[in-house]
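Hello, and thanks for taking a look at this one with me. Please open the sequence and the model side by side, and then read through the points below.

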Amino acid sequence: MIRFILLQNRQGKTRLAKYYVPLEDSEKHKVEYEVHRLVVNRDPKYTNFVEFRTHKIIYRRYAGLFFSLCVDITDNELAYLECIHLFVEILDHFFSNVCELDLVFNFHKVYLILDEFILAGELQETSKKAIIERMGELEKLE
Amino acid sequence: MNPFSSGTRLRDMIRAIRACKTAAEERAVVRKECAAIRAAINENDNDYRHRNLAKLMFIHMLGYPTHFGQMECLKLIASPGFPEKRIGYLGLMLLLDERQEVLMLVTNSLKQDLNHTNQYIVGLALCALGNICSAEMARDLAPEVERLLQFRDPNIRKKAALCSIRIIKKVPDLAENFINPATSLLREKHHGVLITGVQLCTDLCKISTEALEHIRKKCTDGLVRTLKDLANSPYSPEYDIAGITDPFLHIRLLKLLRVLGEGDADASDSMNDILAQVATKTESNKVAGNAILYECVQTIMSIEDNGGLRVLAINILGRFLSNRDNNIRYVALNMLMKAVTADGQAVQRHRATILECVKDSDASIRKRALELVYVLVNETNVKPLVKELIDYLEVSDLDFKGDLTAKICSIVAKFSPEKIWYIDQMLKVLSEAGNFVKDEVWYALIVVISNASELHGYTVRALYRAFQMSAEQEILVRVTVWCIGEYGDMLVNNVGMLDIEDPITVTESDAVDVVEIAIKRHASDLTTKAMALVALLKHSSRFPSCSERIKEIIVQFKGSFVLELQQRAIEFNSIITKHQNIRSTLVERMPVLDEATFIGRRDGSLPGAASTTTAPSVSLPNGVAKPVAPLVDLLDLSADDTPAPSSSGGGDLLQDLLGVDLSPATQQSGAGQASKSGNDVLLDLLSIGSPSIQSSSSTVDILSSNSNNKAPVSSLDDLSSLALSTKTTSNAASMMDLLDGFAPSPPAENNGPVYPSINAFESSSLRLTFNFSKQPENPQTTVIQATFVNLSSNTYTDFVFQAAVPKFLQLHLDPASSNTLPAAGNGSITQNLKINNSQHGKKSLVMRIRIAYKINGKDTLEEGQVNNFPRGL
């Protein structure tokens, strides 16, 4: 199960933070700080998996943005790595050539997409097309 | 109206915040916005409520407090329109979590929305429920969610399935309600619904055995078929990732099959074919394919044994290991670790590749690989494996050396086939990474060396050579110094030469050189230097040609600022200069150390190690053990036929082995401290152990690593107590003789603990000394004998002594022996004081004094405070 999802830039600014387990605000800030420290300086040649407390972080870097998932220690690391990529492809498709600024100004939409992709810490939909279509329908309701 | 289209204020606010150059500016903007939002909340503004909440969410993301917006979420959720509800639910998920009381208020709105006619609103409610529901909400809303599992729109069904997972995790009792609707989801064709259904079933199986049995019986075949169809499905662009149709679904299915197959032969049997197919047919050149293979291997290793499949699985991991992608190698190592218990032989085949991974540049891979290698070592492969690891030790990163060294040492100790190999490997490790070797490891090495009598010469020569190469490795230096101290003569005389050795010429002076380098090296720590001093003492009698030089070195350390070294130097110097007759017996080689005792101690299983009284009965295998002559005998210097001090009790063996006072014992006890530490000093000095001592030194754990820094303190205790006495007078006397320079004073009492006397007060005209005594059965009470001495040339008359103490003390003054004090120290007045310390052990004594007397009829008054009482009174 995914414990939380973080999207951070290289400076450590959080662009998206979704927690599927309850945490105090102060604890959330601490987690975000620690995860950023963990991933930002790792050699790109190294594995995309880092142990974090009793869980592990699966992260992937796209340009200046780090996508980090915190998952259970027994989870399939490679699957979550692929999962991050699928999420990025969906964002890319939705914003057509996504960049950090899109995520800043449309953060609420990013959350909406995420809620269509992952729910309760589990994968909800694996089809990019289905999610994009669903987002289209939701946008029409605005 | 869309509140987020351009020109609205959310966008403007984000711009304004982004334009801020400093944190202070940003805070100012946020403060202004928050104030405006609060004002809007107070006015109960409806039009901009969702826009305000959106802004609050952004502010929340920046890390500012936004709790005042929580109620706004609830209001938005309760409003009728979709855009308002959407923001409301988003705010609910971001700003609140299951622990807040406010959340209870939302249950009713959620219930209404779950029954809403608009399926998008139902979707929003399910999403919120799935992400933050609490146990109470789960109970209240479970029937709605259960019903939604059969909703016509697949988007709702899949959300309801994941929501159900959250519900059954919060309230496991509800699991059975979900078994039937969940299994019906497994027949879905829609991938989203199927994958969430599979996940729901997996979680149900984990929570309820009833569900596990049911699903195993009813659904295993269906799941196998689904996986088969999926694996054989033609290209479908919607779900394709790297040529594989929906790898995520593959993985979820494999995971559920694993849960079903575990512990059930029939279920395992029915999935064999499809697992074999997935394992052989899946493309392994992309992450997606490897993810499936990895999951498949996990399933194969977990379900009931099928030899053929397991071989296949281990081979896949072998392929992973040689992959260039670090991620793949990482998961392979992870998986092999689990596979070792199931099939160690198969994993052994990949040993060479795993060994390569130990040398990887990525720390997480190295760590995994090292752990795996550690598990793989056995008696047959230990030699080549250790050789590889030690070779790598030379080039490995500094931060990895610690781990690596610890593992090598542990492997070598566990599997060494013969002693010479063990010693060789340890020497290599010490030369490469001696500074990373833990104390217990080199203690163990010394025990082994001591026991390998036929290898003494070989070892000391090897150490001598190693020292020439790597004198910067502290632990190597220590072991070398110890061995040269013990077996230096074998080094010089080439005793016990093995065939494999090259002959080496070492003179006595060369051997002393090594010790001198060690003791004078700036970086050497106290332990090393102390050991070097002992080694020098030992050589002083064995190497007559160097005795002058050794004496000089020792004399230099008489001025050391480190008490431990100074004390040793003074003691050793006296032995060398004054006690030629016993010196050679004193510095005899140490008896062989008892391996069993050491191992028992190390494992903490030796009962005596923890108790304070049982130490002396340890028997030694080497036969030198005999009833130890009383200490008094041993030190009776008039008798030249003293029993050789080579006899030894087990208890202090290891402590003495190092010649370092590793004993924290001197600080442990209150009563009896003085006599005991007196003995300890002697033991130390003579490097022998004696069962007759009062035991506490036998409690010393050789492994206690912090003992070094305690040494100076305890030796300080020793010194101060030495000046006074020990149990038996003859003992004390001989000790003083040995350590001359410390003025003796007669023991105040034979049985009680003894404290040094103090100069309580001294002025130009008067000196007051306190002598202390204490009854052991009554530690709170101290009897002080006060002695007054007149330092002036006038006689004092009408002499009166008064004293005052704080409340926690009780003072009783006995009458003084006289009220006249003769001039110029020609006599003294004594007076007994009895003090009862109610805070004994916590607070020490303190006293104010006043002394009144007359000189030629003229009144004189002297006052003072006594703070220098010994501790422990």
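This is a predicted model: local features need pLDDT of at least 70, side-chain atom pairs count only at pLDDT 80 or more; totals for chains, interfaces and linings use all residues.

1. Let us begin with chain B as a whole. Its 873 residues include 39 helices, along with 10 strands. Buried residues account for 45% of the chain. If you take the contacts in chain B between residues at least 6 apart in sequence, 67% of them join residues at least 24 apart.

2. The largest nonpolar core holds 245 residues, and B:Leu317 and B:Leu533 are the ones that touch the most other members. Helix 26 of chain B, residues 474-493, gives this core its largest share, with 12 residues. Apart from this core lies another one, of 22 residues, including B:Tyr755, B:Ala760, B:Met847 and B:Leu873. As background, nonpolar side chains tend to be buried together in soluble globular proteins.

3. Which residues is B:Leu317 in contact with, leaving aside its neighbours within four places in sequence? They are B:Val297, B:Ala332, B:Met335, B:Leu336 and B:Ala339.

4. Chain B also has an open sheet of 5 strands, paired in the antiparallel sense and ordered 3-4-5-8-7. Its edges are strand 3 (758-762) and strand 7 (809-813) of chain B, each of which pairs on one side only. From one strand to the next, the twist averages 25 degrees. Within the sheet, strand 5 (residues 781-790) and strand 8 (residues 828-837) of chain B are antiparallel partners over 9 bridges.

5. Now turn to chain A, where strand 1 (residues 2-9) and strand 2 (residues 14-19) run antiparallel and share 5 bridges. Here A:Ile5 stands opposite A:Lys18 in strand 2 of chain A. These two strands of chain A form a hairpin with 4 residues between them. In the turn sits A:Gly12, with a positive phi of about 95 degrees.

6. A:Ala63 has a phi near 50 degrees, a positive value in a residue other than glycine. This alanine lies in the loop between strand 4 (55-62) and strand 5 (65-71) of chain A. Is A:Ala63 buried or exposed? A:Ala63 counts as exposed because it has 10 C-beta neighbours inside 10 Å, and the cut-off for exposed is 12 or fewer.

7. The other alanine is B:Ala242, whose phi is near 50 degrees, again a positive value in a residue other than glycine. You will find B:Ala242 in the loop between strand 1 (240-241) and strand 2 (244-245) of chain B. With 15 C-beta neighbours inside 10 Å, B:Ala242 counts as partly exposed.

Technical notes. Residues are numbered from 1 along each chain as its sequence is written. Chains are lettered from A and ligands numbered from 1 in the order in which they are written. A residue is buried if 20 or more other C-beta atoms lie within 10 Å of its own, exposed if 12 or fewer, and partly exposed in between; C-beta atoms are placed from the backbone. Two residues are in contact if their C-beta atoms, placed from the backbone, lie within 7 Å. Two strands pair if DSSP finds at least two bridges between them. Axes are lines fitted to C-alpha atoms, for helices over the stretch in contact, and angles run from 0 to 180 degrees between N-to-C directions. A nonpolar core is a set of buried Ala, Val, Leu, Ile, Met, Phe, Trp, Tyr and Cys residues joined through C-beta atoms within 7 Å.
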